[in-house]
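This briefing sets out the sheet, the helix packing and the nonpolar cores of one protein model. Please consult the sequence and structure below before reading the points that follow.

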Amino acid sequence: MNIFRTGIGYDVHKFAENRKLILGGIEIPFDKGLSGHSDADALMHSITDALLGALALGNIGTFFPDSDEQFKDASSEIFLRHAVKLVKQNGFEIGNIDATVVLEKPKLNPFIPSIRKKLAEIMKTEVSRVSVKATTSEGMGFVGEGEGIKVISIALLFKVRE
Ligand code: MG
């Protein structure tokens with residue numbers, strides 16, 4: 001019997017001028033944003049992939065190809081909401097989510113409470129089940145040089161019905 005399922009999510013986006021920086025559905029004040037087809041919310045993309053991975057249903061691109069014009073500059077909430085719907089449809093509930101955002105700048109800590117609240121709302125779960133942490137890359141590599149950000153996350157699902 002498959003009681004528990006886990007999934008990993010990973011996403012990377014490059015910083016770009018004239019874009020808003022959106023992480024976990026929250027706009028973070030910064031002089032750059034992230035480039036991407038949608039609003040480039042790497043945190044939401046990573047969590048979406050963790051949920052889809054736990055269900056073994058592919059990844060975000062399986063459902064929302066970046067060649068599709070209707071998702072241009074779209075809010076990534078659409079992707080996460082869809083993954084959450086699939087979790088439910090497959091008889092699972094979210095046990096917990098843990099995500100690590102790797103970025104050199106800006107400092108994310110002041111925004112983490114609102115990000116967790118927003119993500120929990122979208123996932124229809126309690127804030128205590130949604131962990132978001134930030135760390136730097138100690139100046140090394142593309143993240144360290146401030147070229148972009150990286151997000152790694154994990155989701156645990158548990159079966160509530162067949
Ligand atoms: Mg992405």
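A nonpolar core is a set of buried Ala, Val, Leu, Ile, Met, Phe, Trp, Tyr and Cys residues joined through side-chain atoms within 4.5 Å. The model discussed here is predicted. In it, the largest nonpolar core has 40 residues, and 5 strands form an open sheet with mixed pairing.

**Nonpolar cores**

- Within the largest core, the residues with the most contacts are Leu43, Ile47, Leu51, Leu80, Leu119, Met123 and Ile149.
- At least two residues of this core come from each of helix H1 (42-54), H3, S5, H4, S6 and S7.
- Helix H1 supplies the largest share of the core, namely 8 residues.
- Leu119 is in contact with Gly24, Leu43, Met44, Ile47, Leu80, Val130 and Val132, when its neighbours within four places in sequence are left aside.
- Another core, of 5 residues, lies apart from the largest one; among its members are Ile60, Phe64, Phe71 and Ala74.

**The sheet**

- The strands of the open sheet follow the order S4-S1-S7-S5-S6.
- Strand S4 (33-34) and strand S6 (130-135) stand at the edges with a single partner strand each, so one side of each has no neighbour in the sheet.
- Strand S5 (residues 92-102) runs parallel to S6, and 6 bridges join the two. Within this pairing, Val132 in S6 is the bridge partner of Ala99.
- Helix H3 (residues 77-89) packs on the sheet, where it touches S5 and strand S7 (148-159). The direction of H3 makes about 150° with that of S5.
- S5 and S7 run antiparallel and are joined by 10 bridges. Phe92 stands opposite Lys159 in S7.
- Strand S1 (residues 4-16) pairs with S7 in the antiparallel sense over 11 bridges. Val12 has Lys150 in S7 opposite it.

**Packing of H3 on H4**

- The axes of H3 and helix H4 (residues 112-122) lie 9 Å apart, and the two helices pack at an angle of about 50°. H3 is therefore oblique to H4.
- On the H3 side the contact involves Glu77, Leu80, Arg81 and Val84, which meet Lys118, Leu119 and Ile122 in H4.
- By class, the residues of this contact comprise 4 nonpolar, no polar and 3 charged.

**Two individual residues**

- Thr48 is located in helix H1. Thr48 counts as buried because its relative accessibility is 0%, and buried means under 20%.
- Leaving aside neighbours within four places in sequence, Thr48 is in contact with Ile60, Phe79, Leu80 and Ala83.
- Ile152 is located in strand S7. With a relative accessible area of 39%, Ile152 is partly exposed, since that class lies between the limits of 20% and 50%.
- Not counting residues up to four places away in sequence, Ile152 touches Gly9, Tyr10, Ser46, Asp98, Ala99 and Thr100.
- Ile152 and Val101 are 51 residues apart in sequence, while their C-alpha atoms are 6.6 Å apart in space.

Conventions. Residues numbered from 1 in each chain as written. Predicted model: local features only at pLDDT ≥ 70, side-chain atom pairs only at ≥ 80, totals over all residues. Heavy atoms only, no water. Pairing = 2+ DSSP bridges. Helix = DSSP H or I, 4+ residues; strand = E, 2+ residues; numbered from the N terminus. Contact = heavy atoms within 4.5 Å. Axes fitted to C-alpha atoms, helices over the stretch in contact; angles between N-to-C directions. Parallel < 35°, antiparallel > 145°, perpendicular 65-115°, else oblique. Nonpolar A, V, L, I, M, F, W, Y, C, P; charged D, E, K, R; others polar. Buried < 20%, exposed > 50% of the residue type's maximum accessible area, 1.4 Å probe, protein only.
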